[in-house]
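Subject: Structure handover and findings

Dear colleague,

Please find the structure below, together with its sequence.

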Amino acid sequence: MKQVFSVDSQLVMQPSISPDGRWVVYVSDVGTDEGRRLWMAQASGGAPWPLTTEGHTDQMPSWFPGGDRVVFLSTRSDRSGSRKQFAMVLDLNNCIGCQTC
């Protein structure tokens, strides 16, 4: 098995590698007291950045086959705690080295 990604300061859970192998979206609870957030980083390394906001539990990210969107489960729209599916469109052409998508 080959290690393709690591983050020293975060617990990386449920990683999902983009179809082209350049990006990783994962779940972490670092930096928040409420829930879990989606984070993104280049698979080759570098500083990760948050894709979602605090106050929700976001989990189980998965890439669309075209690599331009990520679908995930979240509690963001339902205070009862039930999870619903959401999709996020990513502009990866403008993301290299930036902190937001």
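In what follows, a residue is buried under 20% relative accessible area, exposed over 50% and partly exposed in between, with a 1.4 Å probe and protein chains only. By that scale Met60 is partly exposed, with a relative accessible area of 49%.

Two remarks on conventions come before the rest. This is a predicted model, in which local features need pLDDT of at least 70 and side-chain atom pairs count only at pLDDT 80 or more, whereas totals for chains, interfaces and linings use all residues. Residues are numbered from 1 along each chain as its sequence is written, and side-chain values use heavy atoms, with hydrogens and water left out.

Overall architecture

The protein has 0 helices and 7 strands, where helices (H or I, at least four residues) and strands (E, at least two) are DSSP runs numbered from the N terminus. Along the sequence the pattern reads β-β-β-β-β-β-β. Of its 101 residues, 38% count as buried. The accessible surface is about 6000 Å², and carbon and sulfur atoms hold 49% of that area; these areas come from the Shrake-Rupley method with a 1.4 Å probe, and for residues only the protein chains shown count as cover. With a contact defined as heavy atoms within 4.5 Å, 27% of the contacts between residues at least 6 apart in sequence join residues at least 24 apart.

Nonpolar core

A nonpolar core is taken as a set of buried Ala, Val, Leu, Ile, Met, Phe, Trp, Tyr and Cys residues joined through side-chain atoms within 4.5 Å. The largest such core has 14 residues, and Val25, Met40, Leu51, Trp63 and Leu90 touch the most other members. Strand 2 (23-28), strand 3 (35-42) and strand 6 (69-74) each supply at least two residues of this core, with strand 2 giving the most, namely 3 residues. In soluble globular proteins, nonpolar side chains tend to be buried together.

Aromatic pair

Rings of Phe, Tyr and Trp (the six-membered ring for Trp) are paired if their centres lie within 6.5 Å; planes under 30 degrees apart count as stacked, over 60 as edge-to-face and the rest as tilted. The count by this rule is 1 aromatic pair. The ring centres of Trp23 and Trp49 are 6.2 Å apart and the planes stand at 80°, so this pair is edge-to-face. Because Trp23 lies in strand 2 and Trp49 in strand 4, the pair ties together parts that are 26 residues apart in sequence. Trp23 is buried at 1% relative accessibility, and Trp49 is buried at 2%.

Thr52 sits in the loop between strand 4 (49-50) and strand 5 (56-63) and is buried, with a relative accessible area of 4%. Its side chain reaches the backbone nitrogen of Leu38 at 2.8 Å. In turn, the side chain of Arg37 reaches the backbone oxygen of Thr52 at 3.0 Å. Arg37 belongs to strand 3 and counts as buried at 11% relative accessibility.

Another threonine makes a contact of this kind: a polar atom of the Thr75 side chain lies 3.0 Å from the backbone nitrogen of Thr57. Thr75 is placed in the loop between strand 6 and strand 7 (84-89) and is buried at 14% relative accessibility.

Salt bridges

There are 2 salt bridges, each defined by a side-chain nitrogen of Lys or Arg within 4 Å of a carboxyl oxygen of Asp or Glu. One joins Arg22 and Asp20 (3.6 Å, N to O); Arg22 is partly exposed at 39%, and Asp20 is partly exposed at 46%. Another joins Arg69 and Asp68 (3.4 Å, N to O), with Arg69 partly exposed at 32% and Asp68 partly exposed at 34%.

Backbone angles

Most residues other than glycine have a negative phi. Gln14, in strand 1 (residues 13-17), has a positive phi of about 50°. Met60, in strand 5, has a positive phi near 55°.

Yours sincerely

Notes: A polar contact is a pair of N or O atoms within 3.5 Å; within protein, one must be able to donate a hydrogen and the other to accept it, and residues adjacent in sequence count only if both atoms are side-chain atoms.
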